[in-house]
Amino acid sequence: MAALDITTARRRATTVWSGFTSGQKTTLGLAIAAVVVGGYMFTKWAAQPTWTPLYGNLSATDAGSVTSELKSKGVQYKLADGGATVMVPQAQVYQLRLDMSAKNLPTGGSQGYALLDKQGITTSEFRQRVDYQRALEGELARTIGAINGVSGADVHLVIPADDVFSADSRKPSASVLLRSAAGKKFGTDQVRAIVNLVAGSVEGLTPEAVTVADNSGHVLSAPGDGGLDASGDAQASQARTFEDGLARSIEDMLAPVTGAGGAVVRVNAELDFDQRSTTTESFAQPAAGQTNPLVTESTSQETFAGPGASAAAGGVLGTSGPTTGNAASTANNYSKNSADRSFAVGKVTQQVKAAPGKVARLSVAVLLDDKVKAAPAEVTNLVNAAAGIDGKRGDVVTVAAMAFDHSATDAAAKEQKAAASAKSKTQMMNLVRTVGVLLIVLVALFLAWRSARKASVTRYPVPGVLPAGPVKAEALHAALTALGAGGKADALEAADAGDARSRYDRERAALPAAPDVNDELAELIDRQPDEVASILRGWLADRRA
C-alpha cells in the first residue's frame, strides 16, 4: 500500500510539473531557491549566539589557561582586546565562571594559597616558608586588584626568619607596584587604603614600612619620606569640594532665570586651616557695699617688756664708786600685731578651640550669556545673599555678560541626534531585512500555489450522466471527447497560452444548456486519475504531432 501511494504521488507530481509552462517553471525554481536561501540565512542568524565577556584584562598566562579549559569542555569562545578578553555565549557565562573558579582560574598572575595545597609531608621547612610568602603575596595582589582603578598589582614581602634573640630580630617590610586602569589616577585615600591593607595582612608589619609606587615610576608612599603625608592633598580636596558645591548651588539658583547653560559660576575660596586654642580667665567683682567671702584668716601678736636704762650695769667690773644723785628709770616695752586674710574671688576660665577650614575670603565670578534678560545688579544681589558675601573680610563678586559660543553644544547635540538616528536606522534595517525574508518566503509560496492552480485539470460541463462505478478507458475517452464537440483543440490551445479559464468561460456561454455533470466528472477524475492523465497526454501528443 505504501509503494502504491508513493507511486501515485510521483505520478501526480509529474503530471502537475508537465503542465507548467517554461516561465512558470522558472518562477517556481526561483521561488524555491529564495525560500531555501532565506531560510538558511534566517536559521544562521537565529542560531548565532550572543557573546558576553567571561573575563577581561587577562594576562597571557591566564588567557591561555582559560582558553585551554574552554577547549577541553567543548565551549565556543572568541578573543577580544588583543587576547586580554575572552568572550563566551551569554547563556553559559555564569556556569563557566563557577567552573573556572573551581579550577582557581584566573590566577591574576599569582596562585595565592593554592600553592599550599601542593605541599607534601616531605616538603622542607625552607620550601614551606617560601611557599607561604608567595601565597601571601599572591592573595594581597589579587585583593588590591579588586580596588576600583587598579588593573593589576605586584606585592613583594620581606619576612625575616624568627630569631630566638629578640634584640637581633628584624622587622618585615613590603613594596607594592600598582598598574592603573586607562584614564585613572590613584588618589590619596586609595593609597592609604592599600598601605593599611598590606600592613594589616602581615604580622609585625607597620604602615611606615610599606612602599607604594605606580607603573609610571611615581612613588606614592615611601618610608624614607615619613610615610604617607596627605595633609596638603586633604586640604586642597576640602577647598575644591567647598568651591564646587557653592558654585553648583549658585548655578541652580540662577537656572530658572538664565536657563540651562545660561550662567557659569566659578568660586575661589581661601580657607584657614590653622588650629587655634584660646584660653580666657575673668574675675568677678563684688557688688557695691559687699565684700567677698572670707576663705582663710591668720593673726599674730608679739610683745616685749624690758628694764629701764638706769638698771643697766656699767662696765665689766661694775661701778668704781658709789653713784650719786637721782637717775630717771624708763621701761623698754615692744608690741606687734599682724593679720593675714584670704577672700574668695569669682574666676571664669574659658577655652575655645577653632576648627580648621574657616572661610577667610571668597571670590565669586558669574558669567552670563548676553541673551539672558537679567540685570547684572540683580544677579549680584542674589549671589551676595546666596554665597554669604562679607565685605569686611574682602569678599568680591563680579558679574559680566558676554556672548557664549554654542558651537560645541550644537555639535554635541548633532552627534547625539546622528547617533540616535543611526541606531534607529540600524534597528529599522534589521526589521526590514527580517520582514523582507518573510515576504520572499510568502511570495514564493504564493507563486508556487498559483502555478499549481493554473496547471490543474480544467473541468468542463459534459453532456450526459457518468456512471457512478469505475469507467473503462474507451468510455472515459468518449466522454472527454464530447467535451465541447470540437472545442478540444481550442481549449488545449488556450491552456497552452495560459488563458484556459477565460476560454472556458466563453465556451461555456456558447454551449447549449445541458445537465451540469461537473461534480460527476470531478469524482471520476478523483477515482481514476491515471486514466484521465493518460488520455490527456494522448491528446497533447496528437496535437503536437
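**View 1. Gly436 in helix H9.** Gly436 is found in helix H9, the helix that spans residues 407–454, and it is shown here, as in every view that follows, in a predicted model. With a relative accessibility of 23%, Gly436 counts as partly exposed, because the buried class is kept for residues under 20% relative accessible area. Although Gly436 and Gly38 are 398 residues apart in sequence, their C-alpha atoms are 9.2 Å apart in space.

**View 2. The open sheet of strands S1, S3 and S2.** Three strands make up an open sheet, in which they follow the order S1-S3-S2 and pair in the antiparallel sense. The edges of this sheet are strand S1 (51–55) and strand S2 (78–80), each of which pairs on one side only. From one strand to the next, the twist averages 40 degrees. Strand S1 is joined by four bridges to strand S3, which covers residues 85–89 and runs antiparallel to S1, and within this pairing Trp51 has Pro89 of S3 as its bridge partner. Helix H3 (residues 60–73) packs on the sheet and touches S1, S2 and S3, while its direction makes about 20 degrees with that of S3. Helix H4, formed by residues 93–102, lies across S1 and S3 and runs at about 15 degrees to S1.

**View 3. The crossing of helices H3 and H4.** The axes of H3 and H4 come within 11 Å of each other and cross at roughly 115 degrees. That angle makes H3 roughly perpendicular to H4, because angles of 65 to 115 degrees are placed in that class. The crossing in which H3 passes H4 is right-handed. On the H3 side the residues that meet the other helix are Val66, Glu69, Leu70 and Lys73, and on the H4 side they are Leu96, Asp99 and Met100. Sorted by class, this contact of H3 with H4 has four nonpolar residues and three charged ones, with no polar residue.

**View 4. Strand S13 with its partners S8 and S14.** Strand S8 (residues 263–272) and strand S13 (residues 358–369) run antiparallel and are joined by 10 bridges. With strand S14 (residues 396–402), by contrast, S13 pairs in the parallel sense, over seven bridges.

View 5. Asp370 has its place in the loop between S13 and helix H8 (376–387). Its relative accessible area is 45%, and Asp370 is therefore partly exposed. Leaving aside residues up to four places away in sequence, Asp370 touches Met402, Ala403 and Phe404. The C-alpha atoms of Asp370 and Ala400 are 9.0 Å apart in space, and these two residues are 30 apart in sequence.

**View 6. The chain as a whole, for orientation.** Of its 545 residues, 23% are buried. Among contacts between residues at least 6 apart in sequence, 71% join residues that are at least 24 apart.

Methods. Residues are numbered from 1 along each chain as its sequence is written. This is a predicted model: local features need pLDDT of at least 70, side-chain atom pairs count only at pLDDT 80 or more; totals for chains, interfaces and linings use all residues. Side-chain values use heavy atoms; hydrogens and water are left out. Helices (H or I, at least four residues) and strands (E, at least two) are DSSP runs, numbered from the N terminus. Buried means under 20% relative accessible area, exposed over 50%, partly exposed in between (1.4 Å probe, protein chains only). Two strands pair if DSSP finds at least two bridges between them. Axes are lines fitted to C-alpha atoms, for helices over the stretch in contact, and angles run from 0 to 180 degrees between N-to-C directions. Contact means heavy atoms within 4.5 Å. Angles under 35 degrees count as roughly parallel, over 145 as roughly antiparallel, 65 to 115 as roughly perpendicular and the rest as oblique. A crossing is left-handed if the near helix is turned anticlockwise from the far one by less than a right angle, and right-handed if clockwise. Ala, Val, Leu, Ile, Met, Phe, Trp, Tyr, Cys and Pro count as nonpolar, Asp, Glu, Lys and Arg as charged, and the others, Gly among them, as polar.
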